[in-house]
Amino acid sequence: MSQRLEDYWLGLRLQQMDIPAIHLVQIDAANDTSPPIMEAVELYLSINGKDGATFKRTARRNAEYVVKAIGNKPISSFSSSEAAQFRDWCLEQGMTISTVKRVFGSVRAIINLTMREHGIEGSNAFSGTFMPDRGDASTRQPIPTDKLRTIQQRCQTTDDEPRWLVALISDTGMRLSEAAGLAREDIVLDADIPHVIIRPHPRRRLKTKGSQRKLPLVAASLWAARKAAEASQHSPYLFPSLLQ
């Protein structure tokens with residue numbers, strides 16, 4: 001952290017210096033043949049192997065942020081000072097520091113992969129950018145127990161497929177995408193402990209490898225799983241109408 005801070009201050013000092021022959025650096029940047037960031041993101045998506053719509057949309061959006069802030073420049077012509085400028089632009093848009101870090105992580109990955117694919121030597125300007133500790137990260141609070149019980153009761157009163165989905169999530173803590181993409185075979189009701197198996201499917205990836213797991217079904221989630229399994233007997237999906 002200390003070294004990164006020193007590098008950051010050095011970058012600021014260099015911006016104020018009258019550097020001899022700076023025009024040579026500018027000419028070199030003008031002749032840069034590395035792909036621009038928007039071309040790099042398409043290469044990244046074509047060979048990364050991840051086909052999720054959200055993943056692609058996020059990567060393209062982050063590259064577009066770079067274009068808005070500092071231009072659609074060749075990736076090897078970006079400077080560390082421009083990366084710092086991009087960080088400041090992100091913060092000015094109202095992003096929290098944790099969001100900015102995620103954006104930088106995405107941009108770094110795009111540039112690193114493109115540099116390797118094109119055999120480009122040099123460093124990634126978006127690596128090592130100083131990130132101030134602003135203490136603005138929000139803490140997600142759990143739903144109060146009394147409100148959770150009210151939601152579960154309303155689900156049982158309405159008793160339809162969207163409410164089964166909500167009730168299933170309420171007592172398992174699984175992600176919405178995990179629950180909505182369940183197959184009927186992922187629900188195991190005849191075991192000593194009824195449970196749901198969270199695993200990847202061709203139509204739905206998991207967020208991380210560690211997301212693959214088994215969760216016990218109890219109370220509202222067990223009720224919801226039974227209702228959904230009974231209603232979806234003629235479909236491979238637990239919530240077929242929600243996937244249309």
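Before we start, a definition: a helix axis here is a line fitted to C-alpha atoms over the stretch in contact, and angles run from 0 to 180 degrees between N-to-C directions. The model you are looking at is predicted.

**Exercise 1.** Describe how helices α7 and α8 pack against each other.

*Solution.* Start with the two helices: α7 covers residues 145–158 and α8 covers residues 161–170. Their axes come within 9 Å and cross at roughly 150°. Next, take the handedness, which is left-handed for this crossing. Then list who meets whom: L148, I151, Q152, R154, C155 and T158 in α7 meet R163, V166, A167 and S170 in α8. Finally, sort that contact by class, which gives five nonpolar, three polar and two charged residues.

**Exercise 2.** Decide whether L238 is buried or exposed, and find its surroundings.

*Solution.* First locate L238, which lies in the segment after α10 (219–231). Its relative accessibility is 1%, and buried means under 20%, so L238 counts as buried. Now look at the neighbours: leaving out residues up to four places away in sequence, L238 touches L168, L182, A183, R184, I187, A228, A229 and S232.

**Exercise 3.** Work out where the model calls for caution, using pLDDT.

*Solution.* Begin with the whole protein chain: its mean pLDDT is 86, and 83% of its residues reach 70 or more. Then turn to residues 22–28, where the pLDDT is below 50. Beyond near neighbours in sequence, this stretch has zero contacts in the model. Where pLDDT is low, predicted coordinates should not be read in detail.

Key:
Residues are numbered from 1 along each chain as its sequence is written. This is a predicted model: local features need pLDDT of at least 70, side-chain atom pairs count only at pLDDT 80 or more; totals for chains, interfaces and linings use all residues. Side-chain values use heavy atoms; hydrogens and water are left out. Helices (H or I, at least four residues) and strands (E, at least two) are DSSP runs, numbered from the N terminus. Buried means under 20% relative accessible area, exposed over 50%, partly exposed in between (1.4 Å probe, protein chains only). Contact means heavy atoms within 4.5 Å. A crossing is left-handed if the near helix is turned anticlockwise from the far one by less than a right angle, and right-handed if clockwise. Ala, Val, Leu, Ile, Met, Phe, Trp, Tyr, Cys and Pro count as nonpolar, Asp, Glu, Lys and Arg as charged, and the others, Gly among them, as polar. pLDDT is the predictor's confidence in each residue, from 0 to 100.
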